[in-house]
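Hi,

Here is the structure I promised to pass on to you.

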Amino acid sequence: MGPASTTAILLFTRTAQEEAAVKAFVPHRTGRHNLRIARRLIRHSIKTARQTNLPLHIVYSSQQRGDSFGERLAGAVEDTLALGYERVLVIGNDCPRINRKLLRRAARQLGEQDWVLGPSKEGGLYLIGINRRCYQREAFISLHWQQADLYHDLCDQLAQKGQQLLSLPVFQDINDDKALQAVLPFLPMAILRMLLEPKTIRQFPSLHRPIRPGWETFSLQRALRAPPTFPVHLS
């Protein structure tokens with residue numbers, strides 16, 4: 001059996017209602033718009049994970065146990081490992097730049113490394129690849145969860161233990177309207193159509209100016225009705 005066949009994906013997530021209650025994705029809009037985007041982000045994460053053909057386990061907040069975030073995540077990881085998998089790829093719902101190719105790559109690399117980490121721009125992690133042989137509950141729980149130095153904290157911990165890690169590209173997590181605005185220009189049109197209604201696009205001025213040097217200004221409202229006229233690549 002290859003590395004991917006003993007690897008499962010764990011989607012650790014709040015419900016859409018909880019996400020919409022704590023995150024304002026679109027400024028000056030109603031809670032209904034936040035809820036719609038939260039639902040679509042979760043659905044996209046589920047769809048992307050299933051495209052890998054790896055086993056997928058979804059743990060919503062109602063199924064989580066423990067007093068702290070670290071305890072709840074540790075419990076979900078342990079429940080997944082208890083099913084017989086040797087490796088777990090943990091993802092959330094707030095990084096739409098994760099795609100099938102990246103997840104398959106992470107699964108392969110986790111067969112060669114102790115850990116595979118996807119660092120977020122804010123200092124956290126959008127992906128954690130864990131090998132059973134390297135997982136230690138207390139050390140895992142003690143990490144600086146939900147803090148800006150989580151990635152560096154985990155890297156320091158692994159260095160002290162002499163464990164190997166591989167880092168994936170840095171991506172932006174979506175926690176508010178500014179983060180959503182920053183990531184939208186780098187998403188494929190299919191995801192943009194899924195996330196936003198045409199009338200919502202006006203809220204994001206970055207989509208109406210050049211994205212990178214040398215690229216022409218474009219109107220997303222026109223692009224939503226036709227194939228994009230600029231290159232869109234995911235790392």
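There are zero disulfides here, a disulfide being a pair of cysteine sulfur atoms within 2.5 Å. Keep in mind that this is a predicted model, where local features need pLDDT of at least 70, side-chain atom pairs count only at pLDDT 80 or more, and totals for chains, interfaces and linings use all residues. Residues are numbered from 1 along each chain as its sequence is written, and side-chain values use heavy atoms, with hydrogens and water left out.

Back to the cysteines. C95 has a relative accessible area of 6%, so it is buried, and C155 is buried too, at 17%. (Buried means under 20% relative accessible area, exposed means over 50%, and partly exposed is in between, using a 1.4 Å probe and protein chains only.)

Next, the aromatic rings. The structure holds five aromatic pairs. Rings of Phe, Tyr and Trp (its six-membered ring) pair if their centres lie within 6.5 Å; planes under 30 degrees apart are stacked, over 60 edge-to-face, and the rest tilted. F69 and W145 make a tilted pair, because their planes sit at 45 degrees, with the ring centres 5.7 Å apart. These two are 76 residues apart: F69 is in helix α3 (residues 69-81), while W145 is in the loop between α5 (137-141) and α6 (150-161). Helices (H or I, at least four residues) and strands (E, at least two) are DSSP runs, numbered from the N terminus. F69 is partly exposed at 23%, whereas W145 is buried at 10%.

Y126 and F171 are stacked, because their planes are at 20 degrees, and their centres are 5.1 Å apart. Both Y126 and F171 are buried. There is also one aromatic cluster, formed by F12, F69, Y135, F140 and W145.

Finally, the nonpolar cores. A nonpolar core is a set of buried Ala, Val, Leu, Ile, Met, Phe, Trp, Tyr and Cys residues joined through side-chain atoms within 4.5 Å. The largest one has 38 residues, and L127 and L195 have the most contacts inside it. Helix α2 gives this core its largest share, seven residues. Which residues does L195 touch, not counting residues up to four places away in sequence? They are I37, R40, L41, L180, L184 and L187, where contact means heavy atoms within 4.5 Å. Another core, of 26 residues, lies apart from the largest one, and C155 is among its members.

Cheers
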